[in-house]
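Dear colleague,

Please find the structure below. My notes on it follow.

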Amino acid sequence: MSVATWAEHEGVPVLRLRALEALGGVRAIFTGRRGGVSPRWGDGLNWSLSVGDRPEQVRENRRRTLAILGLDPGDAVMGGLVHGDRVVAVDNEPQGIRKPGGSGGAQAMPKSDGPGGDVQVIPNADGLITDRRGLALVITAADCVPVYLYDPVRRVIGMVHAGWRGTVAGIAAAAVRAMQAHYGCDPADIHAAIGPSIGPCCYEVDEPVAGPVRRHYGAQASALLRPATRDGRYMLDLWAANRLDLASAGVGQVYTAAVCTACQRDRLFSHRAEAGGAGRAAAIIVMC
Ligand SMILES: [Zn+2]
């Protein structure tokens, strides 16, 4: 079985993370570039408000995507991404969020949704976790690695945004620890899927990125940084890097979609392949 396969829902093609969905009780998708209303990319399905679309166009793209899962925008929360390592436990019953390990208790959040509303953004959060059925966790990306987490025993999910900065900050392992601390998950029960993102085939980096990778991974870094054809450059394998962090956190199963966004720029948004002119895809996980 492929880890991720394409499926089309009412004209919106998405990748489905089959390896996770086969466990039952969870749905996990990654959006392609078509099926929406963003004029810059034809019928683009861009999820970002900061790449030139009008807000109502982005809202429509989000609505169409979530409808695939039988959800409204008010059923989803999105990480406000800062390439950091902060993981937030989302508890929308009642509307509120708690910070893992925080002592301040639930912090009331204004209800931002409802008919015609939009997805709620959790500020300064590259990782989200929840045990709420029907609450979708979303991160946006266009090359950065989405890491999907699912514990079918405790019934807890997580969604992580891991670009190179988040990866070397250890955000994937931080999310696993937050699932342990907050919901009592045993990491051995957790299944992780590394979603579509720029692959080792296309992700050339220079020393300012290679240095932090060496510092985080030590002796294992040489397997993650293969020399590129250009001097002083490396091909960075963020998929293998995140697999290492997940394994060290004790995660029982890690699947890799092995879908490179830059190789598949005809179907997926890629920041690199489109020289910064890309829209943003959504990586979404929800328990049903
Ligand atoms: Zn590639």
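Which residues does W6 touch, not counting residues up to four places away in sequence? W6 touches P13 and L15 (contact: C-beta atoms, placed from the backbone, within 7 Å).

As to the source, this is a predicted model, in which local features need pLDDT of at least 70, side-chain atom pairs count only at pLDDT 80 or more, and totals for chains, interfaces and linings use all residues. Residues are numbered from 1 along each chain as its sequence is written.

W6 is found in strand β1 (residues 4-9); helices (H or I, at least four residues) and strands (E, at least two) are DSSP runs, numbered from the N terminus. With 13 other C-beta atoms within 10 Å, W6 is partly exposed (20 or more would be buried, 12 or fewer exposed, with C-beta atoms placed from the backbone).

Helix α2 (residues 55-68) has 14 residues and reaches 20 Å from its first C-alpha to its last, close to the 20 Å expected at 1.5 Å a residue (1.5 Å times one less than the number of residues). Its buried residues are V58, N61, R62, T65 and L66. Seen down the axis of α2, these fall within an arc of 125°, so they line one face of the helix; the arc is that of the directions from the helix axis to the C-beta atoms. Just after α2, G70 takes a positive phi of about 75°.

Elsewhere, β16 and β17 (residues 234-236) pair in the antiparallel sense over three bridges, where pairing requires at least two DSSP bridges. The bridge partner of L225 in β17 is L236.

With kind regards

Methods
Two residues are in contact if their C-beta atoms, placed from the backbone, lie within 7 Å.
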